[in-house]
Amino acid sequence: ALLRGQMDTTDMNLPSPTPKSSDPARLAADIVDRLTYRIGKDATVATPDDWLTAAVLVVRDRVVERWMESTRETYRREGKRVYYLSMEFLIGRLMRDAVTNLELVGEMQEALGELGVELDLIRELEPDAALGNGGLGRLAACFMESMASVDIPAYGYGIRYQNGMFRQELSDGWQVELPETWLEHGNPWEFERRESRYEIGFGGHIERDDADNCTWKPAERFWAEAFDTPIVGWKAKRVNTLRLWRAEPIDPLELEAFNRGDHMGALQDSMKAEALSRVLYPADATPAGQALRLRQEFFFSSASLQDILRRHMAQFGRITSLPEKAAIQLNDTHPAVSVAELMRLLIDVHNLDFDTAWDITKRTIAYTNHTLLPEALESWPVPLFEQLLPRHMQLIYKINARVLREARATGTFDDAQVAGMSLIDEHGERRVRMGNLAFVGAHSINGVSGLHTELMKETVFKDLHKLYPLRINNKTNGITPRRWLMQCNPGLYNLSREVTGDSIMSDLDAMKALDTVAEDAAFQERFAAIKRANKDRLAGVIEKRIGLKVDPSAMFDIQIKRIHEYKRQLMNIVETVALYDQIRSHPERAWAPRVKLFAGKAASSYHNAKLIIKLANDVARVVNADPATRDVLKVAFLPNYNVSLAEVMVPAADLSEQISTAGMEASGTGNMKFALNGALTIGTLDGANVEMREHIGAENIIIFGLTAAEVAEKRANGYSPEEVIAASPELSQALKAIESGVFSPEDRNRYADLVAGLRMSDWFMVAADFDSYAAAQRDVDGIWAEQPRWQAMAIRNAARMGYFSSDRTIRQYGREIWNVIN
Ligand code: H53
């Protein structure tokens with residue numbers, strides 16, 4: 001052989017790479033080296049982007065050794081690997097993350113300083129990798145960092161979208177979507193793996209031989225090519241791989257067609273391939289429903305599974321040991337077609353019988369559910385599915401027959417219940433239910449907060465849970481404290497360490513020690529000074545982005561997340577209008593000065609969400625221009641919310657708005673980021689807010705509104721928003737102002753339908769919760785007026801968030817689902 005097999009070179013006398021020094025002088029020399037030999041530029045003409053690329057390459061070099069060592073270690077001890085399949089990874093910038101986890105911040109600052117370059121400045125130039133929509137994508141990114149930090153061998157698998165989440169601009173207060181071009185200047189973090197590519201098929205037909213073996217003969221075929229990004233864990237203990245797939249044509253130019261003069265036709269394959277990994281669907285928790293989306297889902301599932309099986313066979317040589325050596329986690333139903341694809345690969349390629357394949361599939365795959373919203377549950381029309389993936393459709397029918405047989409055999413389900421468990425929805429147009437497919441093909445189905453998991457058992461998966469009662473379990477979400485405390489809020493991190501000692505980044509529970517100083521006046525003063533510095537910085541960003549001056553001594557009241565009716569930004573805006581009315585009616589009262597801040601993107605096709613953005617901007621325009629409220633109320637909507645903006649807003653918040661209709665937010669993770677950074681939460685008993693209250697203490701969080709059970713009951717018993725509105729003078733007045741065009745004099749009808757929706761149905765219970773919410777806001781004002789009390793509460797929030805570290809979450813996955821730690 002020309003090349004010996006992988007992992008076979010240890011006994012050979014190969015020269016080893018020179019270990020990379022982290023001495024600042026050496027780092028500086030290396031940066032100049034990369035600038036010269038990799039970028040081909042002289043220091044005198046290098047642009048700031050060139051310096052960034054050179055610096056990233058130098059940091060990446062320091063990661064590579066640990067990366068290879070991690071891979072070798074897992075191989076040597078024949079360890080089990082975790083595979084996290086996710087359509088989204090919302091990783092944001094990587095520079096600060098890598099440098100802090102390598103513990104090279106000081107050294108890099110010094111090295112760049114010697115070259116006359118400021119780390120903080122070039123860091124800002126790094127594009128924010130937005131390969132995700134919101135919570136689900138950011139969770140995947142936190143999990144990748146935590147898996148490396150707690151030393152779990154793991155691969156993230158996803159799509160290398162050429163265009164990630166769109167860039168949001170505001171034009172006269174309306175959202176405008178522009179393409180995000182994060183790869184414009186190349187991506188120095190990634191390694192292209194031309195040798196790691198797999199064939200992905202669509203369409204075609206199935207051939208059956210005499211022994212009844214099936215072979216799928218796809219009509220269209222593409223390559224999936226791998227790009228690897230190293231993910232560094234805390235203190236670089238382990239470095240894992242994020243492997244993203246890009247689609248490539250097999251035949252980039254069909255010469256035959258070209259020569260015929262069909263120049264466009266000759267490029268058809270290329271264009272079809274490009275479309276597969278071209279752009280992230282910008283809908284959070286609402287299925288896109290187009291064929292291209294299903295193609296994307298299959299594309300990355302198939303490539304990932306082929307890669308996993310290839311790695312397994314290369315090391316272990318026996319397909320049946322897969323469940324002992326590989327744990328595949330499906331992040332929502334987006335990769336649920338993996339259940340059918342793994343079955344196909346096991347049966348058609350590895351020649352297993354159906355029963356053995358089914359057993360292996362179930363023992364290997366686990367599924368995380370992230371939403372109960374009925375409109376968010378993915379399903380695909382059977383004809384579309386059949387046309388794109390004929391062999392998979394066949395296998396799904398076979399799986400379905402088996403599951404329904406098991407259900408009937410229990411003798412406990414009636415026809416309607418069996419129909420509800422079916423993988424095929426037979427109401428109207430027949431559709432494949434991806435949630436049911438993921439459920440039956442997995443040994444573990446987890447929810448993302450205690451409440452969400454319980455509701456899952458009672459609603460969407462009620463009967464499947466009865467049939468397989470051991471499968472559903474809870475894994476409450478978490479956030480990585482490295483990015484969401486240490487990096488985004490170094491002031492608070494350093495102050496905390498004076499009290500907690502140095503262990504908090506590997507043991508966030510150690511923050512508990514802050515409890516002892518919560519009432520200490522001197523500590524409170526320093527804690528408040530850090531918050532103030534963070535607010536000064538955010539005030540600067542606000543002025544720069546939208547030209548609005550805000551007073552950093554006012555309460556910063558922040559709601560940042562995707563714009564969705566269930567998240568109730570509308571309730572927040574309506575309450576803002578009510579407050580505005582109150583201040584004008586009673587100017588003599590001592591109002592707590594507030595800055596109400598909003599940011600978030602709306603799905604391009606979500607009309608009401610876009611209208612809510614416009615309303616926030618319309619209200620801001622009127623309120624901010626009114627001299628009567630100038631000193632006590634300001635409203636701002638910051639455009640283009642992304643991870644990097646969150647890193648500035650979260651540490652600057654005094655009040656965190658987590659006000660979704662109870663029962664609708666599966667968990668939330670923004671809620672956790674704010675509390676860890678010492679903001680108080682005003683929120684409903686929804687998602688992880690419930691557990692936050694348990695950990696923080698009910699006296700340190702402001703809870704209002706209906707519970708999930710009360711919401712369900714109201715919906716069942718017919719709820720009349722008109723009556724509720726009529727009984728609330730504050731709400732009536734605010735709604736009248738909005739619907740009559742007080743905030744939209746140039747188009748008085750702009751909000752007529754939006755408000756009519758509240759009056760007529762109000763599915764999200766804005767009216768029902770309004771008075772309770774407004775009262776809670778006045779309680780917040782009362783606490784704000786007693787600053788020592790506020791500070792003590794804020795400190796206790798930061799102190800008691802240890803449970804919500806994603807390290808804890810990942811350890812629970814590792815122990816209870818993946819069986820990779822004891
Ligand atoms: O996932 C987050 C949760 C959050 C939930 C979110 C989510 C998406 O971002 C996209 C699709 C989906 O089904 C759910 O809305 O509550 O915190 C992470 O679990």
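**Close-up views of a predicted model**

**Figure 1. Domains of the protein.** The domain assignment divides the protein into domain 1 (24-77 + 102-127), domain 2 (80-93 + 133-163 + 185-475) and domain 3 (481-805). The structure shown in this and the following figures is a predicted model. Between the C-alpha centres of domain 1 and domain 3 there is a distance of 38 Å.

**Figure 2. Surroundings of the ligand.** The ligand is surrounded by 19 residues. Gly135, Leu136, His370, Thr371 and Ser667 are the closest of these. Sorted by class, the shell around the ligand consists of 6 nonpolar, 10 polar and 3 charged residues.

**Figure 3. Packing of helix H1 against helix H2.** Helix H1 spans residues 24-37 and helix H2 spans residues 48-76; the two pack at an angle of about 120°, and their axes are 8 Å apart. Because of this angle, H1 is oblique to H2. The crossing of the pair H1 and H2 is right-handed. On the side of H1, the contact is formed by Leu27, Asp30, Ile31, Arg34 and Leu35. On the side of H2, Asp50, Ala54, Ala55, Leu57 and Val58 take part. The contact of H1 with H2 comprises 7 nonpolar and 3 charged residues, with no polar residue.

**Figure 4. Crossing of helix H6 and helix H33.** Helix H6 (residues 135-149) and helix H33 (residues 806-817) cross at roughly 75°, and their axes come within 9 Å. Because angles of 65 to 115 degrees count as roughly perpendicular, H6 is described as roughly perpendicular to H33. Cys142, Phe143, Ser146, Met147 and Ser149 of H6 make the contact with Ser806, Asp807 and Ile810 of H33. The classes represented in the contact of H6 with H33 are 4 nonpolar, 3 polar and 1 charged residues.

Figure 5. The axes of helix H22 (residues 569-585) and helix H23 (residues 607-624) come within 10 Å, with a crossing angle of roughly 20°. Because angles under 35 degrees count as roughly parallel, H22 is described as roughly parallel to H23. The crossing of H22 and H23 is left-handed. Which residues of H22 and H23 make the contact? Helix H22 provides Gln569, Leu570, Ile573, Thr576, Val577 and Tyr580, while helix H23 provides Ile612, Leu615, Ala616, Val619 and Val623. In the contact of H22 with H23, 9 residues are nonpolar, 2 are polar and no residue is charged.

How values were computed:
Residues are numbered from 1 along each chain as its sequence is written. This is a predicted model: local features need pLDDT of at least 70, side-chain atom pairs count only at pLDDT 80 or more; totals for chains, interfaces and linings use all residues. Axes are lines fitted to C-alpha atoms, for helices over the stretch in contact, and angles run from 0 to 180 degrees between N-to-C directions. Helices (H or I, at least four residues) and strands (E, at least two) are DSSP runs, numbered from the N terminus. Angles under 35 degrees count as roughly parallel, over 145 as roughly antiparallel, 65 to 115 as roughly perpendicular and the rest as oblique. A crossing is left-handed if the near helix is turned anticlockwise from the far one by less than a right angle, and right-handed if clockwise. Two residues are in contact if their C-beta atoms, placed from the backbone, lie within 7 Å. Ala, Val, Leu, Ile, Met, Phe, Trp, Tyr, Cys and Pro count as nonpolar, Asp, Glu, Lys and Arg as charged, and the others, Gly among them, as polar. A residue is near a molecule or strand if its C-beta atom, placed from the backbone, lies within 6 Å of it. Domain bounds come from an automatic or database domain assignment.
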